[in-house]
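Reader: I would like to go through this model with you, from charged pairs to helix packing and then to the backbone. Could you take each point step by step?

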Amino acid sequence: MTTSAWTDLSNRGLTPLSTLFEQEPDRLSRLTGEVAGIYFDLSKTHIDAKLVETLPGLAEERGLSAARDALFAGGIVNPTEGRPADHLAERGQGAAGAVDSAAARRERMRALVDAIEAGAFGDITGVLHIGIGGSVLGPALLVDALSGTAPRIDVSFLSNIDGQAFDRAVEVLDPATTLVIAASKTFTTAETLSNLQAAMDWLRGAGIADPQGRVIAVTAAPEAALEAGIDDTRILQFSEGVGGRYSLWSAVSVTAALALGWTAFEELLEGAAEMDRHFRYSEPGKNLALLAALADQLYVQNAGAQSRAVFAYDERLELLPSYLQQLEMESNGKSVSVTGEAVERSAPVTWGGVGTDAQHAVFQLLHQGTALIPVEFVAVAEDESSLPDHHRLLLLNAFAQGAALMRGKPSDDPHRNYAGNRPSITILLDRLDPRTLGALIAFYEHRTFANAVLMGINPFDQFGVELGKEIARKLGEGAEAADLDPSTRALMERAAI
Ligand code: F6P
């Protein structure tokens, strides 16, 4: 589908950033905004006043209002799987039935958390959370970002199918007082089931008489968890319509609720709901997720950007880039539109790291390389560390990098020349707490959704992950069975597997 506003977005010239600031005196006020204790600054992107003026028309042409209404009403926004996207129901938006069912399931989750805290499983000092992809990245981000220096409970996350990962994960846990939480939407994922089995053996080996009794399953397929021998009373269910990468709002976060406390989990949902209202009701020119998506599309469709980088200038948000990788790449890394037509350009590669570490490792390319890579800085204004001077320096560095990318510095010596005019977005949280983190993650979800709608993509399926799993299964039966190429057969022989 090609529309006139889309063609304009793809073909318009990009005015240099420094000129935009000269030409648009109100640029800062128009391209900054605040929601739920988070300040967003998009002024160092190439969005200009004229482009923002076209946004209502572009959104209309691409069907944003209808798609967003369907998302918030619990309509079928994932047509290739015939499903709604029920993660919003977890924070109170959607079809009444889905919202009620999410609330009832959350009550059950809460009852289980209360029971664990009251000692129903004996003295519990640690959790081994087993899951992969969306069944681990969200809770790991929450626990890492919010548990501070004195966590209520020891938590280890185990995802990879690698004995090394297993050994490291259990090393810090006492089997006598550890609860195993197995999170898997499908409860068929090979890594998770193998790791669950290994955890059972680990508990049994440590003399735990009833290892199964220490397992809590979180899944959208309770029958599969029952079949794996987990008692109904220890299965927490979430909706089939909640995608894995959108599942941290559901019982998948039971580990986070145990580590951070129930109130923190509720505040997370409230922060997300605040961002939901902003995305749903703000006019296009003030809608931060939509404006960010407009910038994303400007760089992808117009300037051919193939990657975007996110740097957390706060150690507590170290896991944010990997969380966003799954959210953005699994959602929008597609080659066809929702109706099956080829799309020329879809999601760029999301990558990133932590500032200031990244400055001393990869920023050379961002400042002087040939690729256009829009950068995002995520920082926290309030310092909760023991070293306020460090925090000041950290923020100075984040802001300096954005300024340097934009401003550049001309030199007659080509090696020392900084061309500048390189875009960035800065996101500054007043403080890092469950509410702001919930709102931040919801902002990224809505931006991903808005990008998908603008590109005409279904962000809620992920068929691309299946083929590799299928071939791995066949290879398990031997290279002959998999009927594979000489290169793969030779690798099998070389590894003697
Ligand atoms: O293979 C990709 C994927 O299906 C992700 O979409 C998902 O988050 C992850 O695997 C884990 O799946 P499950 O929660 O069903 O174990």
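**Charged pairs, helix packing and backbone**

Author: Let us start with aspartate 433, which counts as buried because its relative accessibility is 15%, and keep in mind throughout that this is a predicted model.

Reader: Into which network do salt bridges join Asp433?

Author: Arginine 431 forms a salt bridge with aspartate 433, with the closest N and O atoms 3.2 Å apart. The side chain of arginine 431 also meets that of glutamate 384 in a salt bridge, at 3.4 Å from N to O. Through shared partners, salt bridges make up one network of Asp314, Arg316, Glu382, Glu384, Arg431 and Asp433.

Reader: How many residues apart in sequence are the parts that glutamate 384 and arginine 431 tie together?

Author: Glutamate 384, at 44% relative accessibility, counts as partly exposed, and arginine 431, at 30%, also counts as partly exposed. Glutamate 384 sits in the loop between strand 10 (375-380) and helix 16 (388-407), while arginine 431 sits in the loop between strand 11 (424-429) and helix 17, so the parts tied together by the pair are separated in sequence by 47 residues.

Reader: Is aspartate 461 buried or exposed, and which residue is its salt-bridge partner?

Author: Aspartate 461 has a relative accessibility of 6%, which is under the 20% cut-off, and therefore counts as buried. Its salt bridge has a closest N to O separation of 2.8 Å, and the partner is lysine 334.

Reader: How many residues apart are aspartate 461 and lysine 334?

Author: Lysine 334 counts as buried, at 16% relative accessibility. Aspartate 461 belongs to the loop between helix 17 (434-455) and helix 18 (466-476), and lysine 334 to the loop between helix 14 (320-332) and strand 9 (349-354). The pair thus links distant parts of the chain, and the separation is 127 residues.

Reader: How many salt bridges does the count come to?

Author: In general, side chains of opposite charge can pair when their charged atoms come close. The rule used here asks for a side-chain nitrogen of Lys or Arg within 4 Å of a carboxyl oxygen of Asp or Glu. By this rule, the number of salt bridges is 27.

Reader: Are helix 13 and helix 17 parallel or oblique to each other?

Author: The axes of helix 13 (residues 288-302) and helix 17 come within 8 Å, and their crossing angle is roughly 50 degrees. An angle under 35 degrees would count as roughly parallel, and the perpendicular range runs from 65 to 115. The crossing of these two helices is right-handed, and by its angle the arrangement of helix 13 and helix 17 is therefore oblique.

Reader: Which residues does arginine 447 contact, leaving aside its neighbours within four places in sequence?

Author: Arginine 447 is found in helix 17 and is buried, with a relative accessible area of 1%. With sequence neighbours within four places left aside, its contacts are Ala289, Ala292, Ala293, Asp296, Arg308, Glu376 and Ile425.

Reader: How do the residues in the contact of helix 5 with helix 17 divide by class?

Author: Helix 5 (residues 64-73) comes within 10 Å of helix 17, axis to axis, and the two cross at roughly 135 degrees. That angle makes helix 5 oblique to helix 17, and the crossing is right-handed. Helix 5 contributes Leu64, Ala67, Arg68, Leu71 and Phe72 to the contact, and helix 17 contributes His446, Phe449, Ala450 and Val453. By class, these residues are 7 nonpolar, 1 polar and 1 charged.

Reader: Which residue does a cis peptide bond join to threonine 356?

Author: Most residues other than glycine have a negative phi, and most peptide bonds are trans. Threonine 356 is in the loop between strand 9 and helix 15 (363-368). Omega is about 10 degrees for the cis peptide bond there, and the residue joined to threonine 356 is glycine 355.

Reader: What is the phi of phenylalanine 187?

Author: Phenylalanine 187 lies in the loop between strand 5 (178-183) and helix 9 (190-205) and counts as buried, at 4% relative accessibility. Its phi is positive although the residue is not a glycine, and the value is near 55 degrees.

Reader: Is alanine 496 buried or exposed?

Author: Alanine 496 is in the segment after helix 20 (486-495), and has a positive phi of about 50 degrees. Its relative accessible area is 66%, which is over the 50% cut-off, so alanine 496 is exposed.

Note on methods
Residues numbered from 1 in each chain as written. Predicted model: local features only at pLDDT ≥ 70, side-chain atom pairs only at ≥ 80, totals over all residues. Heavy atoms only, no water. Helix = DSSP H or I, 4+ residues; strand = E, 2+ residues; numbered from the N terminus. Buried < 20%, exposed > 50% of the residue type's maximum accessible area, 1.4 Å probe, protein only. Axes fitted to C-alpha atoms, helices over the stretch in contact; angles between N-to-C directions. Parallel < 35°, antiparallel > 145°, perpendicular 65-115°, else oblique. Left-handed = near helix turned anticlockwise from the far one by under 90°. Contact = heavy atoms within 4.5 Å. Nonpolar A, V, L, I, M, F, W, Y, C, P; charged D, E, K, R; others polar.
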